Every structure is written in C-alpha cells, then in structure tokens.
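Visitor: I am new to reading protein models. Could you walk me through a few features, one at a time?

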Amino acid sequence: MSAGSAAHGALTTIFSNFFVSLPIPKTNLTGQTYIVTGSNAGLGFESSRHINKLGAEKLIMAVRSLSKGATARAEILRSTGREESSIEVWELDMGSHESIKNFAARVSTTLPRVDGVLANAGIMVDKFRLVEGDESILAINVVGVFLLFALLIPKLRESADKFQIAPRFTIPNSALHYMASLKEVEDKNGRGIFNTLNDSKTANMADRYNLSKLLVIYACRELADKINGDTKNSSTAIVINTPNPSYCKSALQLGTEQGRTTSAKLFEKVLARTTEEGSRTLVHGVTSGPETNGQYLTNCHVQTPSSSVTSAKGARIQKQFFGELVDRLISIAPEMHVPRHMTSTILTPDQADFADPTKDPPVLTFIFYWQAKRHFGMEFFPDLSSITKSPSCETTTSTSKEMPSEPKRNLIVVSNRLPLSVKRSEDGSYHSSMSSGGLVTSLSGLTKTTEFRWFGWPGMSPKEAEEQEEIRRSLASHNAIPVFLDEELAHKHYNGFSNQILWPILHYQSGVTYDEEMWEAYKKVNEIFADYIADAAQEEDLIWVHDYHLMLLPKLLRERMAKKKRQACIGFSLHTPFPPSETLKVLPVAKDILEGTLSSTLVGFHTDDYRKNFAESCEYLLNARSQDSAILYKDRLVKTGRFTVGIDPDKFNETLKQDEVQTRIKDLNERYKDIKVIVGVDRLDYIKGLTQKLHGFEQFLTDYPKWQGKVVLIQVAVPSREDVKEYQDLETAISCQVGKINGKFSKPEYSPIIYLHRSIPFTELTALYSIADMCLLTSSRDGMNLVAFEYVACQEQRNGVLALSEFAGASVFMADGTVQFHPANIKEMAQCIHKGLTMSKEERKERYDKLKKFVHTNTSAKWGQSFVTELSKRHV
Ligand SMILES: O=P(O)(O)OC[C@H]1O[C@H](O[C@H]2O[C@H](CO)[C@@H](O)[C@H](O)[C@H]2O)[C@H](O)[C@@H](O)[C@@H]1O
Ligand SMILES: O=c1ccn([C@@H]2O[C@H](COP(=O)(O)OP(=O)(O)O)[C@@H](O)[C@H]2O)c(=O)[nH]1
C-alpha cells in the first residue's frame, strides 16, 4: 500500500458518504432470475429487497441458516408485496466446498436461467483460522467466491446464449483494498502466495480483509478476458465486476475486536452509509452492462483501483495470484467446471454426450484454460498472461543430454512410405534402398538414439501372400513393417489425392481440381493404415504419424483403439507448410482433413506460422477454440507445437573424412579452380522454384557479364513423383530452360549450367556441397528445406554463402546467416548471387558461424527426441 493510495481510499470514502447521493435502482427485472448470497441480513438483505421490488421473476436467497433466510424472505415479501413464488431460500455455506458444489449443481439443473449473481457473503475477522485448508477470509471471500463462479460459468454461458443476455457475477469490494499491504503476496521467498497467506505464524490478520478485496480485484481482472474469449465486449459476454458499496452500517466489522470498540461504532454512526444506500451500488453492479466487466466500481461508476493493481508490480502479483487460485480451484474440484458433457469428454472420449460446439454454447476461455491446465499440467501454461497473448509457442528443445528420464514407452513411427524402398531383382530376391527426401533424412537421425518400429508402404504391391511374407521378413531386420496397398489404390492415394490435390494446397496454391475418386482412395488408405496400427499398438505405445498423406489417420486410429478399449497417444508431424484458412477452404474436404489431424494428442509443425495457420483454420472451419499452443475441439484438447526439424551433421562430417570423398573433393576443386561453383540440390518439384532459379541465374549472367565463363551452377534435380503430370511437365520445362541458357552462354570450354536429373550417391552429394562457393535454394514454398542445413554442415572449410528463398521454412531460423530474396523477384535474386560471390572472407565467416551453430544445435535427433518427449508427457 502506498501512502497516496491509502489516502485516496480514505478520501473517496469520506467524499462518497458525505457528498454522493446514489441513484435508486430502477432497472426493470421482470422475467429475470437472480441469486444473492449472504442475504438474510445487511447489504445482501437490502440488495435482495431491491431485486425483488424491481420485478425479478425469481430471487434465490442463498443463506447458511434456512430459518434466518425464511424470516428475511417473509420480511422482503411483506415490504414489496410480491408473490410468494418470487423468492426461494436455498442453503449455501461459503465456508464449505461441498455446500458450494451442491448449490451450483442445484442452480445448474433447476433454474431455467441466471441473470445475475451477487456473491455478497463474506467475512471480516482478526483471528487466524483455517477453513477447508485456507485461512478463513481467503477461504470464504476469495476461494469460495471464485469456486462458485467457476461452477456457475456453464449456466451463465447457457443463459447468455439462450436469452441473449450478459449475465453478471458481482462481488462486493471495499475502499479498504487501497490499504492492503503487498508484503504477503510479493512472494519474495518463493513459497507461493497461498502458502504464505495460510501460514498462521506469519499471517497479517489485521490486513487480511483489505487484502482479500485486493485479491478479488486481481481475479476479476484476469477473468474478464478469459471467460469470454473474443466475445468479451459483446452483449452476451459474462460480466464479472466488483463494486465498492463504501463504508456501510453492517454487522461485518463485528467480527474483529477493533470493529466492536465504541469508537468504531461512533465512527460508523457518523460516516457510514445506511445499508440500503450501500446496497444500491451492489444492485447497480449486478444489473450493469459489459462496460463493467473486470472493473472495480465506486458510486455506480467504474473507478481506477489502487496502485497495487495498476502498477507493474501489481500486474505481476495479479498473474501469480490468479495462477495459484486456478491451481487451488482445480485441486478442490478437479471433476467440476463444466456440464457433464465437458467433464466426461477428456477422460472418456467415446461417451455419447460430447459437447458439440455448433450446438452447445461456445466453450469458454476460462473453461478452456481450466481444462488445459488440468489436462496438460502446469508446464504447458507456465504463465496465465500468455494464454491470450503469447506470440510464440516454443516447445521443449533441450538436448538429449538434458532430457528428463521418462519411463520408456514403445514408439511406433508411421509414414506413407518406408524409408526403405523394396525392389525385386531379376533373380527373385528382394533388395531395399533408402528413399530420398527430407522426411527420411530427418527421421534417420532418430534411429541413432531411439528404438522404434516404422510402418509404411514398401513401394511395391505384391498380391501373393508368400511374396508379402518375404518382404515382411526382409524389412523386419530394419524394424520396418510394410503396410501393403493395392497398386491402383496406392497410386490414387499418393499421386492422386496426396500429391496432385493436397500438396499444392498445403503449399499455398489455390485453384486445385478436386476429384472424388482420389479422395475416396485417400480415405481408404488412411483406413488401411489405421487397421494395421490399431492391431499392432499396445496400450502404452506412442504413435507418431508423419505428413500430409496420413492426415485422417489420427482420427481413424483413435476410433479403432477406442473400440479395442485402448488409449491412443498419437503425435502428428506435418513436414509441409500449412496455409491460411482462406487457401485451405478451397479444398471441399478441408474439414475432414482438419478433424482427422485434430484427433492427435500433439501436432507438430516446422514453423510458428504454419502452426498458427492450422489453429486459425481449425477455429474458422471447425469452430474449434485455440489459444497459444492448444486447440479445443469438441471433446478434446490438442497440443500444437513448433518442432525444429534438422539433420545429423556428424554424418556429413564423417563422410567428408572418407578417403573416397576427399579424393573427389580434390578432383572437383582442381576442375573448378578458376570457376566459382553454385550448387543446387532439389527434388524436381515446382515448389522448389527451379524455373525461377534458372531465370535468376540467367539474369545474373546478363546483369553481371564479367561472371560469364567464371561461374557454374551445378543443379541436382532428384526425380520425384514422376507419375504426376505436373511433375512430368516440369521436367520437360526445366530441361528446355537449361538447354536455352546453356545455348546462350556456353563456350567450347564452358557451360554455365550442369544439370543432373537423377539421384546422386551420398558421398558425391557431400563432396559437391563441400566444394561449392554458394548454395542457391529458391523454393516458392517449402516446409523446411534440409538441403540448406546439409550445405552448412559441409562448409566448415570454405564458409560458403547460403542464398535462400524467404519462403523456405528454413529462412525463418537462418535469417542471420543467409542471403535472402523473394524467389519471384528475379532481379533481386541476381543481385543476391552477385553479393554472395563477392562477399568478403570475414563476412562469410561471420555468417557461417551463426548458421553452423543453428545446424549443430537443431539436429534431427533433437527434433525427434523433443517431439517424443513432449508426446510422452501428454495424456491421450
Ligand atoms: O516421398 P516423396 O514424394 O518423394 O517426397 C519427398 C518428401 O518430400 C516432402 O518433404 C518435406 O519434408 C522435409 C523434412 O521435414 C522438409 O524439409 C521439406 O521442406 C518438405 O518438403 C514431404 O513432406 C515428405 O513426406 C516426402 O517424403
Ligand atoms: O540425390 C539426392 C539428393 C538429395 N537427397 C536428399 O533429399 C533431402 C531433401 O530434403 P529437403 O528437406 O530439402 O526437401 P524435400 O525433398 O523433402 O522436399 C535432403 O536430405 C537431401 O540430401 C536425396 O535423398 N537424394
């Protein structure tokens, strides 16, 4: 408490009580229902009388003593002349959690609506006593009040939506909050606010009532945002406010020795308002509009509370206190919070009475938070303030050495294709070879540290059971399990829906031709995978599904596991970008795709932008609620996160040391001793921007002619998805473009572009990376682009320049060390090439060091372990 704040509080009271005449409540409450706690005497009684007089259809007088309540009721009805049915007296003891729970349940199940709750019951005592484990003032004035509020939220929400009203929850406050000392709540010794306040040895009971009112303001302010989410200022927002009736004649202060003194009684006589006058402010609060949400009110107006609220210190304490309060409430009523449909869903997903956001009232932010916290634990939401505001969702990224030791659980990895493609040779035996692409690269890092079974399509579709068995056996030694698919079906799923329809949309392209037959194949393949995995997965297994080919799998799998009465802990990682909802909705089955993925426990993305786009799409297309890294959809909370995929840099280092590679490096260096080398390694995919790359390179040679004959672009274009027309067309176009540029700039002893349309051995790849002065990557969109990482891993000696499109996921993390450009801005690309080739040694070194640090920190092993660790922390 600052001296200024205390003086302000005292003066406000004197001014209010001597000079302010309060408006008599006039709002017509016909048809409305109100609850007033602590209503058989004092402010509660007078407020009840007003409410009854104003025509409320039903008033529930919530009291500890039913007999006293009955007397009070009779007195009110006598004075207002209203009908008997307009008031009921219900039992409620704010010092008993059980009583509060019973009361709230009765309200929820028997009252058709609730327009306002005046949580008037409170105490002022100076003796330390524990009530339900908390110091009594804290227990009754704070914990009890917010327990009641939390339990009533669903009813208030339901009333709001059904009757298009803004229901109010009002807690009387006091100017004494200006006097509250922050000493006990600063938590300087880190014990926690509740622990400190509940310590009988140190409790400052002379200040406790004042402090309780300050704590009420803190909680109201936090809740005002959280209970309504986006609808916080709308006409159907739940309003929580805390009016100060000012110093009134009441029995409240008789609970303290000081309050019972003659001077206190004299003081009351001179200064205090009548109870009826004071009650006008409470009735104003409980009948006021959304403008009072979260506010402290004085004399029927919003007023700035004490500097213990408005200061930065106050704000910090407010956050901590509210976090602890929610913890306390969760510990009191872990089962509670929401109607049955909400409570049951998280734990037993296949119960029939799921909440349906399209029919049920919108899920409240507070409930969302509440459930999230209970479901995910504290580490998930370390700071309540971040619930609505946190810009980024940084997930666990500690290195393997730092990982807490979790109980080991079996891991099942699922991807459309196995990392090994099986081929039958002429002699009838089976051979497997590594598949190409970033997914394989990223997961191969995990094999070093983690044991898992990998399910996927082996790349061939033998019909004979015997043949299948042979393939199964040949893969078993690699812990790989084949998922056999009919060839035609696999074609429609992979080439058709996955790569012709879904792939372009995920890469932000619109205007896709949808094909029902392809979609059916996509569904079918996802079902087949679900059958395989559901058969194989045991209760405690972690299942990690990869990529866009299998976006329906989490849902299908969860359904199958539920039928087998097994829990399913399913992680899903998307390796591609995720577009904004406007792009996604072009796909007629966008909702199915989202719903399928949302059945996961944890969904991982390469960048925060993709993660946010996903959450936004779920909100927009599915009516899901999302906050920070969590999405609530129907019955379940799903965590999302950014997990930075990487490579295994050691593998490159070791390969570079091999004699064979060193010899190759020497040869290539000799070959290009007077020529700068630019390398490009891309799957032959339109998202890699190869057309633009060639244009940019051509522009560079044109704008900077002195480089003609002195620079070569070695472009590896790995064949990809060759059964898809777009890819076939692209190949033709690229060959033609390479031919034209070479035709334009070649000399008998020089060609500017060396084009390798094939996959190259790993040793050759590392040598190529190593001798290149620059790596040029021009993706129009790219989930991450691991080639960027690989180039860095091979450039320890040369410190070459990485020129990277700003639309590759990698550009987000490598901004500092790379030269970046817009891939469609050909002039800019040409300038970047020039800049890279002429960059000083010092600058290259400086940039390289940054990139190296990033690549060596964010390895594929760490990515895998972070994801699996995060997944294993989750419930189902
Ligand atoms: O299996 P293909 O159809 O030949 O395609 C190869 C892979 O391409 C995609 O890779 C993505 O994953 C990389 C690692 O996360 C990422 O760096 C890259 O930007 C993405 O394009 C695809 O997502 C994989 O499923 C394919 O296996
Ligand atoms: O002939 C090659 C050339 C490259 N790669 C690898 O393919 C991956 C490409 O991953 P990236 O994330 O860059 O893109 P994606 O192809 O997955 O879209 C990298 O690990 C490359 O080393 C390959 O398998 N065969």
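Visitor: Is N623 buried or exposed, or something in between?

Guide: N623 has a relative accessible area of 45%, so N623 is partly exposed. Before we go on, note that this is a predicted model, in which local features need pLDDT of at least 70, side-chain atom pairs count only at pLDDT 80 or more, and totals for chains, interfaces and linings use all residues. Residues are numbered from 1 along each chain as its sequence is written, chains are lettered from A and ligands numbered from 1 in the order in which they are written, and side-chain values use heavy atoms, leaving out hydrogens and water.

Visitor: Where does N623 sit, and what is its phi near?

Guide: Most residues other than glycine have a negative phi. N623 has a positive phi, near 65°. N623 belongs to the loop between α22 (608-622) and β19 (625-627). Helices (H or I, at least four residues) and strands (E, at least two) are DSSP runs, numbered from the N terminus.

Visitor: Which loop holds C300, and what is its phi near?

Guide: C300 has a positive phi near 65°, and its loop runs between β9 (296-298) and β10 (301-302). C300 is buried because its relative accessibility is 12%.

Visitor: How many disulfides are there?

Guide: A disulfide is a pair of cysteine sulfur atoms within 2.5 Å. By that rule the count is zero.

Visitor: How many residues of helix α28 are buried?

Guide: In α28 (residues 786-793), eight of its eight residues are buried. Among them are L786, F789, E790 and Y791. N785 caps the N-terminal end of α28, with a side-chain oxygen 3.0 Å from the backbone nitrogen of V787. That is a polar contact, meaning a pair of N or O atoms within 3.5 Å; within protein, one must be able to donate a hydrogen and the other to accept it, and residues adjacent in sequence count only if both atoms are side-chain atoms.

Visitor: What does the side chain of S872 contact?

Guide: A polar atom of the S872 side chain lies 2.9 Å from the backbone oxygen of T869. S872 is part of helix α32 (residues 860-873) and is buried, at a relative accessible area of 13%.

Visitor: Which residues are closest to ligand 1?

Guide: A residue is near a molecule if one of its heavy atoms lies within 4 Å of it. Ligand 1 is surrounded by 20 residues, the closest being Y494, D547, H575, R721 and D782. An N or O atom in the D547 side chain is 2.3 Å from an oxygen atom of ligand 1. A polar backbone atom of G783 is 3.1 Å from an oxygen atom of ligand 1. Taken alone, ligand 1 exposes 550 Å², and the protein buries 95% of that; such areas come from the Shrake-Rupley method with a 1.4 Å probe.

Visitor: Why does ligand 1 lie between domain 2 and domain 3?

Guide: Domain bounds come from an automatic or database domain assignment. Ligand 1 lies between domain 2 (409-422 + 435-642) and domain 3 (651-858) because both give residues to the shell around it.

Notes:
Buried < 20%, exposed > 50% of the residue type's maximum accessible area, 1.4 Å probe, protein only.
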